[in-house]
Amino acid sequence: MKNKKIALVSVHSDPNYGSMLQAYALSTSLFSMGYDNEYINYAPYKERPCIVQFVINLVKRHLSLFNAKYSTTEYSYWRTKEFRNQRQLFQDFHDKYIKSSRQRYNKNTITEALVKYRKFVIGSDQTWSQLTTQTPYNIFFLDFVDEPDKKVSYAPSIGTVTISKSYMCFLVNKLKTFSFVSCRERQNVEILTKHLGKQVTYVLDPTFLLSKDNWLRLSEHIETPDEFVLCYILGTKECISEFAEKLGKEKSLPVYYIVTRPKYANNKNALKDVSVGQFLYLLNKAKYVVTDSFHGSILSINMGTNFFSFAKRVPSEGFTDDDRIMDFLKVVHLEHRFKADNDFSYSDDIDFDEVHKELIPLKEQSLNYLKKAVE
(Lines give C-alpha, C1' and ligand atoms only; values in the text may rest on other atoms or scores of the structure.)
Protein backbone atom coordinates (compact mmCIF):
# COMPACT_ATOMS: atom_id res chain seq x y z
CA MET A 1 0.00 0.00 0.00
CA LYS A 2 2.94 2.35 0.46
CA ASN A 3 3.16 2.94 -3.29
CA LYS A 4 -0.42 4.27 -3.44
CA LYS A 5 -0.60 8.05 -3.35
CA ILE A 6 -1.40 10.18 -0.34
CA ALA A 7 -3.89 13.00 -0.91
CA LEU A 8 -3.09 16.34 0.68
CA VAL A 9 -5.99 18.67 1.42
CA SER A 10 -4.94 22.22 2.19
CA VAL A 11 -4.53 25.72 0.85
CA HIS A 12 -1.87 25.27 -1.81
CA SER A 13 -2.43 27.77 -4.61
CA ASP A 14 -3.41 31.06 -2.94
CA PRO A 15 -1.28 34.11 -3.89
CA ASN A 16 0.48 34.16 -0.54
CA TYR A 17 4.11 33.30 0.25
CA GLY A 18 3.33 31.49 3.50
CA SER A 19 0.54 29.38 2.02
CA MET A 20 2.69 28.33 -0.93
CA LEU A 21 5.73 27.50 1.21
CA GLN A 22 3.87 25.49 3.84
CA ALA A 23 2.23 23.48 1.05
CA TYR A 24 5.60 22.88 -0.60
CA ALA A 25 7.20 21.89 2.70
CA LEU A 26 4.65 19.23 3.68
CA SER A 27 4.66 17.62 0.24
CA THR A 28 8.46 17.71 -0.01
CA SER A 29 8.84 16.16 3.45
CA LEU A 30 6.56 13.28 2.49
CA PHE A 31 8.44 12.72 -0.77
CA SER A 32 11.72 12.61 1.16
CA MET A 33 10.22 9.84 3.33
CA GLY A 34 9.35 7.87 0.20
CA TYR A 35 5.62 8.68 0.01
CA ASP A 36 4.14 9.74 -3.31
CA ASN A 37 1.62 12.51 -2.72
CA GLU A 38 -0.27 15.34 -4.35
CA TYR A 39 -2.67 18.11 -3.40
CA ILE A 40 -6.30 17.71 -4.34
CA ASN A 41 -7.58 20.41 -6.67
CA TYR A 42 -11.05 21.18 -5.42
CA ALA A 43 -13.75 23.70 -6.26
CA PRO A 44 -17.14 23.25 -4.57
CA TYR A 45 -19.19 23.73 -7.69
CA LYS A 46 -19.05 22.08 -11.09
CA GLU A 47 -17.47 24.22 -13.78
CA ARG A 48 -20.03 25.87 -16.01
CA PRO A 49 -20.10 25.85 -19.83
CA CYS A 50 -17.42 28.12 -21.27
CA ILE A 51 -19.70 30.91 -22.51
CA VAL A 52 -21.61 31.05 -19.21
CA GLN A 53 -18.39 31.07 -17.20
CA PHE A 54 -16.94 33.76 -19.47
CA VAL A 55 -19.87 36.10 -18.78
CA ILE A 56 -19.74 35.40 -15.02
CA ASN A 57 -15.98 36.00 -14.91
CA LEU A 58 -16.40 39.25 -16.85
CA VAL A 59 -18.99 40.56 -14.37
CA LYS A 60 -16.88 39.44 -11.41
CA ARG A 61 -13.80 41.13 -12.86
CA HIS A 62 -15.53 44.49 -13.25
CA LEU A 63 -16.93 44.24 -9.72
CA SER A 64 -13.56 43.26 -8.28
CA LEU A 65 -11.80 46.11 -10.08
CA PHE A 66 -14.33 48.53 -8.60
CA ASN A 67 -13.90 47.06 -5.12
CA ALA A 68 -10.12 47.04 -5.43
CA LYS A 69 -10.14 50.72 -6.25
CA TYR A 70 -12.33 51.76 -3.35
CA SER A 71 -11.69 49.14 -0.67
CA THR A 72 -8.66 48.88 1.64
CA THR A 73 -9.74 45.74 3.48
CA GLU A 74 -10.69 43.30 0.72
CA TYR A 75 -8.22 41.24 -1.27
CA SER A 76 -9.86 41.92 -4.62
CA TYR A 77 -6.90 44.09 -5.67
CA TRP A 78 -5.11 40.82 -6.51
CA ARG A 79 -7.27 40.70 -9.64
CA THR A 80 -6.11 44.08 -10.89
CA LYS A 81 -3.55 44.52 -13.64
CA GLU A 82 -1.10 46.04 -11.12
CA PHE A 83 -0.78 42.61 -9.47
CA ARG A 84 -0.97 40.54 -12.65
CA ASN A 85 2.77 39.83 -12.76
CA GLN A 86 2.83 38.95 -9.07
CA ARG A 87 -0.05 36.50 -9.57
CA GLN A 88 1.85 34.88 -12.40
CA LEU A 89 4.98 34.51 -10.26
CA PHE A 90 2.95 32.60 -7.67
CA GLN A 91 1.44 30.45 -10.41
CA ASP A 92 4.90 29.73 -11.84
CA PHE A 93 6.13 28.51 -8.44
CA HIS A 94 3.05 26.35 -8.00
CA ASP A 95 3.39 24.81 -11.46
CA LYS A 96 7.06 24.01 -10.90
CA TYR A 97 7.16 22.87 -7.28
CA ILE A 98 3.72 21.88 -5.96
CA LYS A 99 2.26 18.65 -7.30
CA SER A 100 -1.53 18.64 -7.52
CA SER A 101 -4.19 16.38 -9.00
CA ARG A 102 -4.96 16.58 -12.69
CA GLN A 103 -8.62 16.09 -11.94
CA ARG A 104 -10.42 19.08 -10.48
CA TYR A 105 -12.97 17.78 -8.02
CA ASN A 106 -16.21 19.39 -6.91
CA LYS A 107 -18.85 18.58 -4.29
CA ASN A 108 -20.44 16.02 -6.62
CA THR A 109 -17.27 14.25 -7.71
CA ILE A 110 -15.02 14.38 -4.62
CA THR A 111 -15.96 10.81 -3.63
CA GLU A 112 -14.20 9.63 -6.79
CA ALA A 113 -10.94 10.41 -5.00
CA LEU A 114 -11.58 7.64 -2.47
CA VAL A 115 -10.33 4.89 -4.79
CA LYS A 116 -7.23 6.84 -5.88
CA TYR A 117 -5.59 7.55 -2.53
CA ARG A 118 -4.83 5.44 0.53
CA LYS A 119 -4.65 8.33 3.01
CA PHE A 120 -6.08 11.84 3.17
CA VAL A 121 -4.02 14.39 5.08
CA ILE A 122 -5.42 17.76 6.10
CA GLY A 123 -2.44 20.06 5.81
CA SER A 124 -1.42 23.22 7.60
CA ASP A 125 -2.35 26.88 7.27
CA GLN A 126 -5.71 27.96 8.70
CA THR A 127 -7.52 24.87 7.47
CA TRP A 128 -9.61 24.62 10.66
CA SER A 129 -10.34 28.32 11.03
CA GLN A 130 -13.91 29.19 11.89
CA LEU A 131 -13.82 31.77 9.10
CA THR A 132 -13.53 29.08 6.41
CA THR A 133 -14.62 25.68 7.68
CA GLN A 134 -18.30 26.38 8.17
CA THR A 135 -18.83 27.41 4.57
CA PRO A 136 -20.88 25.01 2.40
CA TYR A 137 -19.03 22.04 0.90
CA ASN A 138 -15.77 22.72 2.72
CA ILE A 139 -13.64 19.55 2.68
CA PHE A 140 -11.11 20.41 5.41
CA PHE A 141 -12.73 17.86 7.75
CA LEU A 142 -12.80 15.08 5.13
CA ASP A 143 -16.53 14.47 5.52
CA PHE A 144 -16.50 12.53 2.24
CA VAL A 145 -14.09 9.93 3.72
CA ASP A 146 -15.97 7.27 5.69
CA GLU A 147 -12.98 5.27 6.97
CA PRO A 148 -11.36 6.86 10.06
CA ASP A 149 -7.98 5.19 9.46
CA LYS A 150 -7.68 7.17 6.23
CA LYS A 151 -8.23 10.54 7.94
CA VAL A 152 -5.12 12.32 9.22
CA SER A 153 -4.18 15.90 10.03
CA TYR A 154 -0.77 17.54 10.01
CA ALA A 155 -0.43 20.94 11.72
CA PRO A 156 -3.78 22.50 10.83
CA SER A 157 -4.32 25.87 12.45
CA ILE A 158 -7.57 26.95 14.06
CA GLY A 159 -6.35 30.48 13.44
CA THR A 160 -6.88 31.64 17.00
CA VAL A 161 -6.44 30.31 20.53
CA THR A 162 -9.79 31.82 21.57
CA ILE A 163 -12.35 29.18 20.60
CA SER A 164 -16.06 29.70 21.26
CA LYS A 165 -18.11 26.95 22.91
CA SER A 166 -20.22 26.46 19.80
CA TYR A 167 -17.20 26.11 17.53
CA MET A 168 -15.52 23.71 19.97
CA CYS A 169 -18.61 21.49 19.78
CA PHE A 170 -18.40 21.68 15.99
CA LEU A 171 -14.70 20.72 16.06
CA VAL A 172 -15.20 17.79 18.43
CA ASN A 173 -17.98 16.40 16.25
CA LYS A 174 -15.79 16.59 13.15
CA LEU A 175 -12.48 15.43 14.64
CA LYS A 176 -13.72 12.37 16.51
CA THR A 177 -13.65 10.48 13.18
CA PHE A 178 -9.92 11.14 12.57
CA SER A 179 -7.37 8.42 13.34
CA PHE A 180 -4.54 10.94 13.89
CA VAL A 181 -5.14 14.50 15.04
CA SER A 182 -2.47 17.18 15.38
CA CYS A 183 -2.53 20.95 15.63
CA ARG A 184 -0.12 23.85 15.08
CA GLU A 185 -1.07 25.85 18.18
CA ARG A 186 0.16 24.45 21.48
CA GLN A 187 -2.69 26.01 23.47
CA ASN A 188 -5.23 24.45 21.12
CA VAL A 189 -3.57 21.04 21.45
CA GLU A 190 -4.27 21.08 25.19
CA ILE A 191 -7.89 22.17 24.89
CA LEU A 192 -8.66 19.80 21.98
CA THR A 193 -7.16 16.86 23.87
CA LYS A 194 -9.40 17.66 26.82
CA HIS A 195 -12.60 17.94 24.78
CA LEU A 196 -11.93 15.10 22.34
CA GLY A 197 -10.93 12.65 25.04
CA LYS A 198 -7.94 11.46 23.01
CA GLN A 199 -4.43 12.73 22.50
CA VAL A 200 -3.94 15.54 20.03
CA THR A 201 -0.28 15.94 19.03
CA TYR A 202 1.55 19.24 18.92
CA VAL A 203 3.59 19.53 15.72
CA LEU A 204 5.54 22.28 14.02
CA ASP A 205 4.39 24.18 10.98
CA PRO A 206 5.56 22.27 7.86
CA THR A 207 8.06 25.02 6.98
CA PHE A 208 10.14 23.90 9.98
CA LEU A 209 10.41 20.38 8.55
CA LEU A 210 12.85 21.78 5.99
CA SER A 211 16.22 23.22 6.97
CA LYS A 212 17.56 26.63 6.07
CA ASP A 213 19.76 24.94 3.44
CA ASN A 214 16.66 23.32 1.91
CA TRP A 215 15.01 26.72 1.59
CA LEU A 216 18.08 28.45 0.20
CA ARG A 217 18.19 25.96 -2.67
CA LEU A 218 14.97 27.61 -3.85
CA SER A 219 16.16 31.19 -3.35
CA GLU A 220 16.59 33.57 -6.26
CA HIS A 221 18.83 36.64 -6.19
CA ILE A 222 17.34 40.11 -6.10
CA GLU A 223 19.42 43.30 -6.01
CA THR A 224 19.63 44.84 -2.53
CA PRO A 225 22.26 46.48 -0.30
CA ASP A 226 24.37 44.21 1.91
CA GLU A 227 22.27 45.11 4.96
CA PHE A 228 18.69 46.38 5.16
CA VAL A 229 15.41 46.20 7.08
CA LEU A 230 12.74 44.15 5.31
CA CYS A 231 9.05 44.96 5.72
CA TYR A 232 6.65 42.12 4.94
CA ILE A 233 3.23 43.45 5.92
CA LEU A 234 -0.08 41.79 5.05
CA GLY A 235 -2.32 44.36 6.77
CA THR A 236 -2.54 48.13 6.63
CA LYS A 237 -1.67 49.38 10.13
CA GLU A 238 0.57 52.44 10.03
CA CYS A 239 2.47 51.56 13.21
CA ILE A 240 4.27 48.61 11.57
CA SER A 241 5.93 50.62 8.82
CA GLU A 242 6.57 53.44 11.31
CA PHE A 243 8.44 50.99 13.55
CA ALA A 244 10.45 49.73 10.57
CA GLU A 245 11.41 53.24 9.50
CA LYS A 246 12.51 54.18 13.03
CA LEU A 247 14.47 50.93 13.28
CA GLY A 248 16.15 51.69 9.96
CA LYS A 249 17.05 55.18 11.11
CA GLU A 250 18.40 53.87 14.43
CA LYS A 251 20.56 51.25 12.69
CA SER A 252 21.43 53.42 9.66
CA LEU A 253 19.84 50.88 7.32
CA PRO A 254 17.51 51.36 4.33
CA VAL A 255 13.99 49.91 4.63
CA TYR A 256 12.66 47.73 1.82
CA TYR A 257 9.01 46.78 1.35
CA ILE A 258 7.64 43.65 -0.31
CA VAL A 259 4.51 45.00 -1.99
CA THR A 260 1.58 42.92 -0.75
CA ARG A 261 -1.04 45.67 -1.04
CA PRO A 262 -1.50 48.79 -3.19
CA LYS A 263 -0.84 50.79 0.00
CA TYR A 264 2.89 49.97 -0.16
CA ALA A 265 3.43 50.22 -3.92
CA ASN A 266 4.68 53.81 -3.81
CA ASN A 267 6.88 53.50 -0.72
CA LYS A 268 10.55 54.26 -1.10
CA ASN A 269 12.40 51.01 -1.86
CA ALA A 270 9.17 49.19 -2.73
CA LEU A 271 9.90 45.74 -4.18
CA LYS A 272 7.22 44.78 -6.70
CA ASP A 273 6.71 41.41 -8.38
CA VAL A 274 8.83 39.44 -5.92
CA SER A 275 8.99 35.73 -6.75
CA VAL A 276 8.72 33.07 -4.04
CA GLY A 277 12.44 32.35 -4.47
CA GLN A 278 13.29 36.04 -4.11
CA PHE A 279 11.11 36.21 -1.00
CA LEU A 280 13.26 33.49 0.58
CA TYR A 281 16.42 35.31 -0.51
CA LEU A 282 15.21 38.55 1.11
CA LEU A 283 14.26 36.89 4.39
CA ASN A 284 17.70 35.31 4.61
CA LYS A 285 19.70 38.39 3.63
CA ALA A 286 17.83 41.01 5.66
CA LYS A 287 19.43 42.31 8.83
CA TYR A 288 15.97 42.69 10.37
CA VAL A 289 12.48 41.62 9.33
CA VAL A 290 9.42 43.57 10.47
CA THR A 291 6.19 41.69 9.82
CA ASP A 292 2.60 40.99 10.82
CA SER A 293 2.71 37.59 9.13
CA PHE A 294 2.81 34.24 10.95
CA HIS A 295 4.97 32.68 8.25
CA GLY A 296 7.05 35.83 7.93
CA SER A 297 7.88 35.40 11.62
CA ILE A 298 8.59 31.67 11.69
CA LEU A 299 10.53 31.62 8.42
CA SER A 300 12.72 34.38 9.87
CA ILE A 301 13.37 32.10 12.84
CA ASN A 302 14.25 29.21 10.55
CA MET A 303 16.60 31.44 8.56
CA GLY A 304 18.20 32.88 11.71
CA THR A 305 17.16 36.44 10.84
CA ASN A 306 16.32 38.94 13.57
CA PHE A 307 12.65 39.93 13.40
CA PHE A 308 9.87 41.88 15.08
CA SER A 309 6.25 40.72 14.87
CA PHE A 310 3.07 42.76 15.06
CA ALA A 311 -0.63 42.00 15.14
CA LYS A 312 -2.17 42.32 11.70
CA ARG A 313 -5.59 43.39 12.94
CA VAL A 314 -6.86 45.92 15.44
CA PRO A 315 -9.09 44.73 18.35
CA SER A 316 -12.14 46.54 16.94
CA GLU A 317 -12.18 44.10 14.00
CA GLY A 318 -13.48 41.38 16.31
CA PHE A 319 -12.02 38.02 15.32
CA THR A 320 -8.25 37.88 15.63
CA ASP A 321 -5.80 35.42 14.12
CA ASP A 322 -2.76 37.20 15.59
CA ASP A 323 -2.55 35.21 18.82
CA ARG A 324 -1.27 32.20 16.87
CA ILE A 325 2.00 34.12 16.37
CA MET A 326 2.42 34.65 20.11
CA ASP A 327 1.45 31.03 20.75
CA PHE A 328 4.50 29.86 18.81
CA LEU A 329 6.86 32.57 20.04
CA LYS A 330 6.22 31.33 23.57
CA VAL A 331 7.30 27.82 22.52
CA VAL A 332 10.78 29.11 21.59
CA HIS A 333 10.90 31.80 24.31
CA LEU A 334 10.78 34.69 21.86
CA GLU A 335 7.54 36.31 23.00
CA HIS A 336 9.43 39.57 23.55
CA ARG A 337 9.74 39.87 19.74
CA PHE A 338 5.98 40.50 19.51
CA LYS A 339 5.41 44.24 19.65
CA ALA A 340 2.44 46.22 20.86
CA ASP A 341 1.28 48.87 18.39
CA ASN A 342 2.66 51.71 20.52
CA ASP A 343 5.92 49.98 21.45
CA PHE A 344 8.86 51.41 19.51
CA SER A 345 11.62 49.90 21.65
CA TYR A 346 14.24 47.57 20.15
CA SER A 347 15.37 44.29 21.67
CA ASP A 348 18.88 42.84 21.50
CA ASP A 349 19.67 40.49 18.65
CA ILE A 350 18.44 36.91 19.06
CA ASP A 351 20.71 34.03 20.10
CA PHE A 352 19.57 31.66 17.39
CA ASP A 353 21.82 28.84 18.56
CA GLU A 354 19.62 28.49 21.63
CA VAL A 355 16.40 28.84 19.63
CA HIS A 356 17.41 26.18 17.11
CA LYS A 357 18.38 23.81 19.96
CA GLU A 358 14.81 24.16 21.23
CA LEU A 359 13.49 23.27 17.77
CA ILE A 360 15.51 20.06 17.26
CA PRO A 361 13.36 17.75 19.44
CA LEU A 362 10.17 19.42 18.21
CA LYS A 363 11.16 18.78 14.60
CA GLU A 364 11.98 15.14 15.42
CA GLN A 365 8.61 14.75 17.16
CA SER A 366 6.83 16.31 14.20
CA LEU A 367 8.53 14.08 11.62
CA ASN A 368 7.89 10.96 13.71
CA TYR A 369 4.21 11.86 14.02
CA LEU A 370 3.90 12.47 10.27
CA LYS A 371 5.54 9.14 9.38
CA LYS A 372 3.41 7.20 11.87
CA ALA A 373 0.23 8.92 10.72
CA VAL A 374 0.65 8.07 7.03
CA GLU A 375 1.96 4.52 7.50
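The legends below describe close-up views of a predicted model.

**View 1. Crossing of helices α10 and α12.** Helix α10 spans residues 294-303 and helix α12 spans residues 352-374; their axes come within 9 Å and cross at roughly 105°. The two helices are therefore roughly perpendicular, angles of 65 to 115 degrees being counted as such. On the α10 side, the contact involves S300, I301 and N302, which meet F352, V355, H356 and L359 of α12. By type, the residues of this contact are four nonpolar, three polar and no charged.

View 2. The buried residues are V276, G277, Q278, F279, L280, Y281, L282 and L283. One of them, F279, also belongs to an aromatic cluster with Y17, Y77, W78, F83, F90 and Y232.

**View 3. The aromatic pair W128 and F178.** The structure contains 28 aromatic pairs. In the pair of W128 and F178, the ring centres are 6.0 Å apart and the planes stand at 85°, so the arrangement is edge-to-face. W128 is in the loop between β4 (119-122) and α4 (130-133), and F178 is in the loop between α5 (165-175) and β6 (182-183), so the pair ties together parts 50 residues apart in sequence.

**View 4. Arginines over aromatic rings.** R186 lies over the face of Y202, 4.6 Å from the ring centre. R337 lies over the face of F308, 4.4 Å from the ring centre.

Key:
Residues numbered from 1 in each chain as written. Predicted model: local features only at pLDDT ≥ 70, side-chain atom pairs only at ≥ 80, totals over all residues. Heavy atoms only, no water. Axes fitted to C-alpha atoms, helices over the stretch in contact; angles between N-to-C directions. Helix = DSSP H or I, 4+ residues; strand = E, 2+ residues; numbered from the N terminus. Parallel < 35°, antiparallel > 145°, perpendicular 65-115°, else oblique. Contact = heavy atoms within 4.5 Å. Nonpolar A, V, L, I, M, F, W, Y, C, P; charged D, E, K, R; others polar. Buried < 20%, exposed > 50% of the residue type's maximum accessible area, 1.4 Å probe, protein only. Phe/Tyr/Trp six-rings, centres within 6.5 Å; stacked < 30°, edge-to-face > 60°. Lys NZ or Arg CZ within 6 Å of the ring centre and 35° of its normal.
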